[in-house]
Amino acid sequence: MTGTQDIGIYIHIPFCVRKCRYCDFASWSGMESIWEPYIRAVIRELELKSETAAGRRVMSLFIGGGTPSLLPYAFILSIMDAVRRHYRLLPDAEITIEANPGTLDEDKVKAYLDAGINRLSIGLQAYQDRLLKFLGRVHTARQFDEAVSMAQRHGFSNINADIIFGIPHQTMDDWLETLSRVLSHRIPHVSCYSLTIEEDTPFGRMKREGKWQDPDEELERSMYHTAMEMLGEAGLEQYELSNAAKPHHRCRHNMNYWQRGEYLGFGAAAHSFHNCQRSANTSDIRLYMEGMARGNPVLDECYPVPDEEGLSESMILGLRLTEGVDLDELSTVYHTDVRLKYREKLEKLAERKLVELEGSVVRLTKRGMDLANQVFVEFI
Amino acid sequence: MSTERQKKIRNFCIIAHIDHGKSTLADRLLELTGVLTEREMEEQVLDNMEIERERGITIKAQAVRMIYKAEDGEEYILNLIDTPGHVDFNYEVSRSIAACEGAVLVVDASQGIEAQTLANVYLALEHDLEIVPVINKIDLPSARPDEVIREIEDVIGLEAQNAPQISAKNGINIESVIKRIISDIPAPRGDEDAPLRALIFDSYYDSYKGVIAYVRVMEGRVSPGQTIRMMHTEKEYVVTELGYLRPGGQIPSDALMAGEVGYICAGIKDVRNCRVGDTITLASNPAKEPLPGYKKAVPMVFCGIYPADGSKYNDLRDSLEKLQLNDAALMFEPETSVALGLGFRCGFLGLLHMEIIQERLEREYNLDIVTTAPSVIYRITKTNGEVILLDNPTNMPDPTEIASMEEPVVKATIMTPTEYVGSIMELCQDRRGNFLGMDYLEATRVMLNYEMPLNEIVYDFFDALKSRSRGYASLDYELSGYKESKLVKLDIRLNGEVVDALSFIVHVDKAYARGRRMAEKLKETIPRQMFEIPIQACIGNKIIARETVKAFRKDVLAKCYGGDITRKKKLLEKQKEGKKRMRQVGSVEVPQEAFMSVLKLDL
């Protein structure tokens, strides 16, 4: 699986105004003093790894976080420069930056556009200020509207909004309101995430201490189903478990993950998959920067993925997509009869109405999307 | 009369309740007689098995020979035979006791005599052993030696005013114990020239030497090269080696003579041919009668043991066979369960014996096992007059074919501080106990006597007793016979199908409560699945309780942060691991614990 495909690049900006109460990702508030040295370290890493890419074309670049839009735009521009200098960024590459309402202003938006950034992913999560407060977000619903309108006014058309359902105290009406407000901006991409409680977060602690009331499962599922229906009616077709987009607006960066394409990650805690090997930079910012200063990255993990496991990955990642997985295609890639290999499992899953088979293609049913892990574990 | 040689020998055992300091005292004796230096000693050398050390109990008897130089310059041979300390191993204890002339009774200076201790003291008195009482843990602030001395005198009728007051842990007054052993315990007797009679009080399997029999020679003598005969199993072997015992090893010798304790190897391949309690004699000059007291091991408690992973069936069989090499009381035979597949029906001396075997299979043999609820042996008289013994609820005949059913009952002795009497009596009542009487041991402690169905004791009675008495009550029981009883088989249906491995036999009056709790318990234990699972408790076709495990609606990881596939895989792997600890029963995944849940009903 090596050699010629186009790759993705992910750049992690681990800074936030404040950490949300559900977030266990590598991000920190404050730390303004190390923004600059951190960006320098990222640029150094871009230089160091340029050989790794060996002239491969870059079809997507994703600057994620954290909150990249929190930083002065000059930092983002210098990263963009470094990427262009050391990598073959395709002229039509998808270039996304994550932004949170309240951190975006006109100058930033203009600068991003000038630098060639052509996609904006905005974290809204909920349209009700009381829910935003509960989640620990630092912005209001109104600020989201302002941010989207401003970005659109200056020329961003490819915009995504992240929204969350299954929040305690969130009613179906809240959710419908969130959906319709998001759709009212006529943006082409929406990600709907089910709130997941991670152990190492304030919410996780509440759960451990018994102070957490899980939302009703029926309601949670009906929010999910309603969302995908409403988005579909608005022309945003569901293409992955949590994502819906207008035609030609699927997130190419994420599609690359799900199709098990290769990518290089830069910055603390960034993950890479390259030459059949998965690796992750250290999530300790200082260790990360020290490593870069020495020219010697510090890794949290690094392991080869043999073909057997690769096939398993292709299944669990590919089945997230509504188009499903083409078993014959995988057979060619992995030089093994995948249909034969998984026949029993697939028959069992089909019997339980979790997957459906159509020719050589297998995909999750609607029920399978609710119980996707039950399908995935079969292929682990 | 003892010969001059015999006059220098003392054979004794130590009787003590768990935690009263038996093993620690043994260690001190070994230290004092120079068998082991402090450095060489791993704490409590006599308890060899990891489980023994963890639980502070002795499962296998051990023996050790010590040489003590007395003040008068004479050297004495002290043979300490360490006895198992639990009700399940009563027979083994009785054989160890039969090998001794005396017993050191260790009583904790704060706790006093416990039920188990008392049972063993009576056993020792039955065998005419001289008892040397010792008050241990004298240095603890809670020690009340005077009361404990009075208790020993009142309850056992043993003069204890001059009992050594010691601390085995801190090495206080240990020598006085040895002096009392020499002065009070009689030397062995037995005609060295009579036909050989040696009592087997334990046996071990050694992969090099075969079975090693631990023996006390009562009469006669034996040497390597002679042909010996086991008087009960009637097997004959040629002695390859014999000698004396030291911790963790043997000291070969050229003969064992009347009065001595030692070991004999004779190329014996199977411990079952070298049964505890059997008498060894010489084939050329056999004794007329074997020594009294031999019994075959009779399992009282049964359960099914299955490999968690069906493909490990052969590993499980190999492991059980290996355990059996050293444990003649363990019995097993293949059985098949619809729910659990291929496994074994295993018979044990009691609950502790069962738990020990389960633990050893998991820890020493690294097996993941599923065990079913324990059962006792019921005696069923069918309408056609046939009498059958039932050790597996699954095989219970149709109720219409049963004329009457009997269950084993035991005589249970419980000792407890008076403040818990009310709650313990309530427990016994609830467990269908029949009150026989109550005796005051001292002002604050009593002994309760009950006749009780063994089936009730098997269902977690010991834990219930402990929790109602904050751990202070102690229990001893012995089988007293069979009694007619109204018993029914309670079945559990998951998703409409009877799960054979969950069936159990219960008294009709308790069936409803147990069935209801069982259904509730299973609801807690069985995780939600993709479909709704009705749990029903039934007697025959009659449903007496019902619970439902609701279907889950959602099981999906939404996020995929920045290409972190590793974490996703790990989460799924964990989920898969969890699935592995489940048994597929029909369409339902049942966790392994569920099969033991009948034991945890808190009734």
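Analyst: Two strands count as paired if DSSP finds at least two bridges between them; strands (E, at least two residues) and helices (H or I, at least four) are DSSP runs, numbered from the N terminus. The model is predicted, so local features need pLDDT of at least 70 and side-chain atom pairs pLDDT 80 or more, while totals for chains, interfaces and linings use all residues. Residues are numbered from 1 along each chain as its sequence is written, with chains lettered from A and ligands numbered from 1 in the order written.

User: Which residue of S8(A) is the bridge partner of Ile163(A)?

Analyst: S7(A) and S8(A) run parallel and are joined by six bridges. In S8(A), the residue bridged to Ile163(A) is Cys192(A).

User: How many of the six residues of strand S8 of chain A are buried?

Analyst: A residue is buried if 20 or more other C-beta atoms, placed from the backbone, lie within 10 Å of its own, exposed if 12 or fewer, and partly exposed in between. Strand S8 (residues 189-194) of chain A is largely enclosed by the rest of the structure, because the number of its six residues that are buried is five.

User: Within what arc do the buried residues of H5(A) fall?

Analyst: In H5(A), the buried residues are Ala141(A), Phe144(A), Ala147(A), Val148(A) and Ala151(A). An α-helix has 3.6 residues a turn, so residues three or four places apart point the same way. The arc is taken from the directions from the helix axis to the C-beta atoms. Seen down the axis of H5(A), its buried residues line one face of the helix, because they fall within an arc of 115°.

User: Which residues on the other side of H5(A) are exposed?

Analyst: What covers the buried residues of H5(A) includes strands S5 (88-99), S6 (119-125) and S7 (159-165) of chain A. On the other side of H5(A), the exposed residues are Arg142(A), Ser149(A), Arg153(A) and His154(A).

User: Is Lys22(B) buried or exposed?

Analyst: The UniProt annotation "binding site", from an unreviewed entry, covers residues including Asp19(B) and Lys22(B); such annotations may be inferred rather than shown by experiment, and positions follow the numbering used here, with feature names shortened. Asp19(B) has 16 other C-beta atoms within 10 Å and is therefore partly exposed. Lys22(B) lies in helix H2 of chain B. With 28 other C-beta atoms within 10 Å, Lys22(B) is buried.

User: Which helix gives the most to the side of chain A that touches chain B?

Analyst: Contact requires C-beta atoms, placed from the backbone, within 7 Å. By that rule 36 residues of chain A are in contact with 22 residues of chain B. With five residues (372-379 is its range), the helix of chain A that gives the most to this side is H16.

Terms used. Contact = placed C-beta atoms within 7 Å.
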